[in-house]
Amino acid sequence: MNHRLQLVVRVTLACLLLHGRAIRIADRADPPLEFHPTRQYRSAIMARGYVVRTLKGYSAAELNAIRAAAAVQNPIEPPVLEHAAALAYRATGREALWMPRLMSVLAWVLGALGAWGLVVARRDSGANAPRAVAGLVAVAVYLFLPFGRPASQAFQPDALMTALAVVAVAAVAWRQRTP
């Protein structure tokens, strides 16, 4: 592939990634009511429980209620996103549901690079034009299918799990192509 075509492909890929992120972060400060709200609030309660000792501005009774609510929430999946949210809450000194939702968005969008790699990446030869176009189509499908937008904005582990699954499949395919 010539340099001009490589530049066009890279710019198009960057535009797809940026647009995929942009359509997802527009509503990140809204309450998480659009996609499985009960599950999202469950994750929020768990994250709050992990950081309850450092929360400020709550009375003793409120802190006890937070602890009690978090204690009954047994993890369904490994609580990776909930722990990451708790770390973000500690780092910023406040809790805000947009932080873990933004983490989910970033995980989903970075998973698009796995979709790209699944189609394009080969160590034995540079990407040719048909593979590059197929890679761009794969990224566009991954980022812009209607289900992906609300699923990737949710404070639940689905976005991270999906992104890691795509990246894992891409890594296996890449290893298979280049033993």
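The model is a predicted one. Two helix pairs are treated here: helix 5 with helix 6, whose axes lie 8 Å apart, and helix 2 with helix 4, whose axes are likewise separated by 8 Å. Two packed helices are described by the angle between their axes and the distance between the axes.

**Helix 5 and helix 6**

- Helix 5 spans residues 98–119 and helix 6 spans residues 129–144, and the two pack at an angle of about 150°.
- Helix 5 is therefore roughly antiparallel to helix 6, because an angle over 145 degrees counts as such.
- The crossing of this pair is right-handed.

**The nonpolar cores**

- The largest nonpolar core holds 20 residues, of which Leu17, Trp116, Val139, Tyr142 and Leu143 touch the most other members.
- At least two residues of this core come from each of helix 1 (3–25), helix 5, helix 6 and helix 8 (158–177).
- Helix 5 makes the greatest contribution to this core, at 6 residues.
- Beyond its neighbours within four places in sequence, Leu17 is in contact with Val109, Ala112, Leu113, Val139 and Leu143.
- Another core, of 15 residues, lies apart from the largest one; Val52, Leu55, Ile66 and Leu81 are among its members.
- In soluble globular proteins, nonpolar side chains tend to be buried together.

**Helix 2 and helix 4**

- Helix 2 covers residues 37–51 and helix 4 covers residues 80–92; they pack at an angle of about 55°.
- This angle makes helix 2 oblique to helix 4.
- Their crossing is right-handed.
- Arg39, Ser43, Met46, Ala47, Tyr50 and Val51 of helix 2 meet Glu82, His83, Ala85, Ala86, Tyr89 and Arg90 of helix 4.
- The residues of this contact divide into 7 nonpolar, 2 polar and 3 charged.

**Ala85**

- Ala85 is located in helix 4 and is one of the residues that take part in the contact with helix 2.
- Ala85 has a relative accessible area of 0% and is therefore buried.
- Setting aside residues up to four places away in sequence, Ala85 touches Ala47, Pro100, Met103 and Phe155.
- Ala85 and Phe147 are 62 residues apart along the chain, and their C-alpha atoms are separated by 24 Å.

Terms used:
Residues are numbered from 1 along each chain as its sequence is written. This is a predicted model: local features need pLDDT of at least 70, side-chain atom pairs count only at pLDDT 80 or more; totals for chains, interfaces and linings use all residues. Side-chain values use heavy atoms; hydrogens and water are left out. Axes are lines fitted to C-alpha atoms, for helices over the stretch in contact, and angles run from 0 to 180 degrees between N-to-C directions. Helices (H or I, at least four residues) and strands (E, at least two) are DSSP runs, numbered from the N terminus. Angles under 35 degrees count as roughly parallel, over 145 as roughly antiparallel, 65 to 115 as roughly perpendicular and the rest as oblique. A crossing is left-handed if the near helix is turned anticlockwise from the far one by less than a right angle, and right-handed if clockwise. A nonpolar core is a set of buried Ala, Val, Leu, Ile, Met, Phe, Trp, Tyr and Cys residues joined through side-chain atoms within 4.5 Å. Buried means under 20% relative accessible area, exposed over 50%, partly exposed in between (1.4 Å probe, protein chains only). Contact means heavy atoms within 4.5 Å. Ala, Val, Leu, Ile, Met, Phe, Trp, Tyr, Cys and Pro count as nonpolar, Asp, Glu, Lys and Arg as charged, and the others, Gly among them, as polar.
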